[in-house]
Amino acid sequence: MERYRAIDFPLIRMRVSQTLIPTLREDPGEAETVSHRLMLRAGMIRKVAAGIYTYLPLGLRVLRKIERIVREEMNRAGAQELLMPVASPAELWRETGRWDFYGKELLRFKDRHERDFCLGPTHEEVITDLFRREVRSYRQMPLNFYQIQTKFRDEIRPRFGLMRGREFIMKDAYSFDRDETGARLNYQKMYDAYNRIFRRCGLTFRPVEADTGLIGGTSSHEFMVLADTGEETIVYSEEGTYAANVERAEVLPPDACDGDEHRPLAAVPTPGRRTVEEVTTFLKITPRQLVKTLLYDTGKETVAILVRGDHDVNEIKVKRLLGATELELVKPELVPSLIGAPVGYVGPVGLKQIRILADWAVKAMANFVVGANQADTHFVNANWERDFRVDQFADLRNAQAGDPSPRKDGVLKTAKGIEVGHVFMLGTKYSQAMKATFLDAQGQEQLAVMGCYGIGVSRTAAASVEQNHDAKGIKWPVPIAPFHVTLLPLSQSQPVTQLAETLYGTLQDAGIEVLWDDRDDRAGVKFNDADLIGAPYHLVIGDKGLAQGQVELKLRHTGETKKVTPDQVLATLSSWLSTAV
RNA sequence: CGGGGCGUAGCGCAGCCCGGUAGCGCGCCUGCUUUGGGAGCAGGAUGUCGGAGGUUCAAAUCCUCUCGCCCCGACCA
């Protein structure tokens, strides 16, 4: 079977005149991002409420294409498809504690009997419940279930169209294994499947080490589509293999220390200079010679975090080190009551009650500048140990471009990415909370070792647009394009119309998906809509060309055109399509 | 939730400051002409000016409240 064959749902209307494809000539005011703008303009999606969209026929076809690839690869990897409900009862979520922990992102409601429900933002609880009810024996394992389904997360701020919706389509899979080894194997299978899926979708992407966030678990990778508009920052080694989300990327302690002799601590006036930039400019030093002191509240205690002036605190790392579930910067108005100086002048010297944690980079510094805990004053030539106590040194900052790779395989660079997939090793977090056990070969009760694996299907569509577009519109990769070919008869003349109809039939019979622009519109309108909608190939039939016995084929991606005779069209397109897939 | 902005025809916008009963472009409908990169002419339809209340002889315009949306931030897949 040829792989570009028409997708397996009924293709009844492929004529533009009979399909709702409300293209927009102008940019809609609500859209900022490329994918959002172009998908609205191409008539693929329409907004219903903030972060909630209707997929119009063209948009839906793209989703179906992606879903089809996902299904094929999930099935190939041995996962079985099922479908869980959108609504789930609070009891399941209370069992794992996530009813409280998940926060406002979980959209809750009551049924007519006043029972608590939520719209599923993910389905660990539901699937684990299924597992514990239905699976008894190790003989039934390993298992891997997946579904492609609508998820709802009540995002604080939905944005960018399909990139960050509240309602979105996700493929989620959950594996249950007898032991850690089996779980690792399933994890690897999913990791490999994800690589295949995104490659088949025609995306430029990179798997990176990631934080586990609200889902929890022991290790995870994110699949990032590389695009400047991405919301995530990744660091990677160009020379080596290391790649990670900045949230996650480890930073090695510097091996060289500033060996300068310790000079005497001195207070200097820094009137009105609060920010790193203001202070360093005023004192004519670089941010690398200054240490920032940030006060955080964990709900239980206040801690001071010290990082070098040009570094950013990584709150995830701080949380992990402290074992805290909450971590918030102390509100600026509360700072004076804690240390006697306003924000901008906080420093570690003389901090009594507050625990002081410092990033490794600080350990390597000498004679640096810190706030003096007194308004309009900083200390110069501060040195840790001599001038203040550090309770613990640790990796507490975000990795940056220029840092050495933690694998020692080169220097890190940064890039922006869109997270389209995420695989997690969950371990027994959920099976333990929900008592999902099975009997092993010795008749002993064991906890299932789980993994979970998500792909943002609708986000993948948007990510593809972010990566493949030009000023005219979208350039869909062949495997996920809503149609392979847009057929553009440029006039209503009898020979043109007749040839269009013939070729439309010929191509469809060969399994090539054709969108026939049969509207009685000007050539310019059709060309522009075709470019906007972005099918990879355009077939143009005009009176002039036809007089020479020729039609024109255009490649949307490169803009190249090729004149062929009508009877060469099928062979040409078939060969293009088979090499493109 | 904090900061900024916007809701006027299907879409993009003007009008609001300075109150006098709504306009432009595109699209849409009809007809004729046109037809290889968003046609021309002629005619036509379309608005509870986001909603509620108030001030006023009179409110799109001023005031109060409210709802929705967009952008930045905190948060997050």
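A crossing of two helices counts as left-handed if the near helix is turned anticlockwise from the far one by less than a right angle, and as right-handed if it is turned clockwise. The model is predicted, so that local features need pLDDT of at least 70 and side-chain atom pairs count only at pLDDT 80 or more, while totals for chains, interfaces and linings use all residues. Residues are numbered from 1 along each chain as its sequence is written, chains are lettered from A and ligands numbered from 1 in the order in which they are written, and side-chain values use heavy atoms, with hydrogens and water left out.

Helices (H or I, at least four residues) and strands (E, at least two) are DSSP runs, numbered from the N terminus. The crossing of helix 2 and helix 12 is right-handed. In this pair, the axes of helix 2 (residues 57–76) and helix 12 (residues 457–467) come within 9 Å and cross at roughly 110°, where axes are lines fitted to C-alpha atoms, for helices over the stretch in contact, and angles run from 0 to 180 degrees between N-to-C directions. Helix 2 and helix 12 are therefore roughly perpendicular to each other, a term for angles of 65 to 115 degrees.

Where the two helices meet (contact means heavy atoms within 4.5 Å), helix 2 brings V62, L63, I66 and E67 against V457, S458, T460 and A461 of helix 12.

Elsewhere, an open sheet of 3 strands runs in the order 13-19-18 with antiparallel pairing, two strands being paired if DSSP finds at least two bridges between them. Strand 13 (266–269) and strand 18 (368–371) stand at the edges with a single partner strand each, so one side of each has no neighbour in the sheet. Strand 13 pairs with strand 19 (residues 377–382) in the antiparallel sense over 4 bridges, and P269 has T377 in strand 19 as its bridge partner.

Definitions and conventions:
Angles under 35 degrees count as roughly parallel, over 145 as roughly antiparallel, 65 to 115 as roughly perpendicular and the rest as oblique.
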